[in-house]
Amino acid sequence: MNMPNPKPDSDRRGNLRLDTMFPVQVESLALGGHMDCVARNISRGGVMLESRQIIALGSPIEIRFTLPGGPMGGILARGQVKNHYYLSFGDPKDLKHLYGMGVRFTSFADD
């Protein structure tokens, strides 16, 4: 039986991604509170978050987006952590690192 070839990674994403950078606040029971993150590479289906720590794969999280000129409370998205990333940058003498999490959106608050 012939199986179709899977699409390359670049073709698997059905949603246009916007390469951006803005602060968000993430809440999770796994964290026991909240933490500040940077949202990057956002789409209709999810977002990549830069953070100083990671949340366990599969954990549900809430992300509060406060957009310039938007509503006072911002936008509340619910999602699930799907991937982890380790991001290193700087020069060899001053190497820095951050963690990243790929989050799939599951719903948005009505308010």
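Modeller: A salt bridge is a side-chain nitrogen of Lys or Arg within 4 Å of a carboxyl oxygen of Asp or Glu. This is a predicted model, in which local features need pLDDT of at least 70, side-chain atom pairs count only at pLDDT 80 or more, and totals for chains, interfaces and linings use all residues. Residues are numbered from 1 along each chain as its sequence is written, and side-chain values use heavy atoms, with hydrogens and water left out.

Biologist: Thanks! What makes E50 and R40 a salt bridge?

Modeller: The closest N and O atoms of E50 and R40 are 2.5 Å apart, which is within the 4 Å limit, so the pair qualifies. E50 belongs to strand β3 and R40 to strand β2, so this contact ties together parts that are 10 residues apart in sequence. Strands are DSSP runs (E, at least two residues), helices are too (H or I, at least four), and both are numbered from the N terminus.

Biologist: How many salt bridges does the structure hold?

Modeller: The structure holds two. In the other pair, the side chains of E62 and R78 meet at 3.4 Å, N to O. E62 is in strand β4 and R78 in strand β5, so parts that are 16 residues apart in sequence are tied together. E62 is partly exposed at 28% relative accessibility, and R78 is partly exposed at 31%.

Biologist: Which strands close into the barrel, and in what order?

Modeller: There are six of them, in the order β1-β2-β3-β6-β5-β4, with antiparallel pairing. Along the sequence, the protein follows the pattern α-β-β-β-β-β-β, with one helix and six strands.

Biologist: How do you know that β5 and β6 pair?

Modeller: Two strands pair if DSSP finds at least two bridges between them. Here 12 bridges join β5 to β6 (residues 96-108), so this antiparallel couple meets the rule. Within it, G79 stands opposite F105 in β6.

Biologist: Which residues touch the most other members of the largest nonpolar core?

Modeller: Those are V24, V26, V47, L49, I61, I63 and F65, out of 18 residues in that core. Each of the six strands, β1 (18-28), β2 (33-42), β3 (46-51), β4, β5 and β6, supplies at least two residues of this core. β2 gives the most, with four residues. A nonpolar core is a set of buried Ala, Val, Leu, Ile, Met, Phe, Trp, Tyr and Cys residues joined through side-chain atoms within 4.5 Å.

Biologist: Is the phi of N41 positive or negative?

Modeller: The phi of N41 is positive, at about 50°, although N41 is not a glycine. Most residues other than glycine have a negative phi. N41 sits in strand β2 and is partly exposed, with a relative accessible area of 26%.

Conventions:
Buried means under 20% relative accessible area, exposed over 50%, partly exposed in between (1.4 Å probe, protein chains only).
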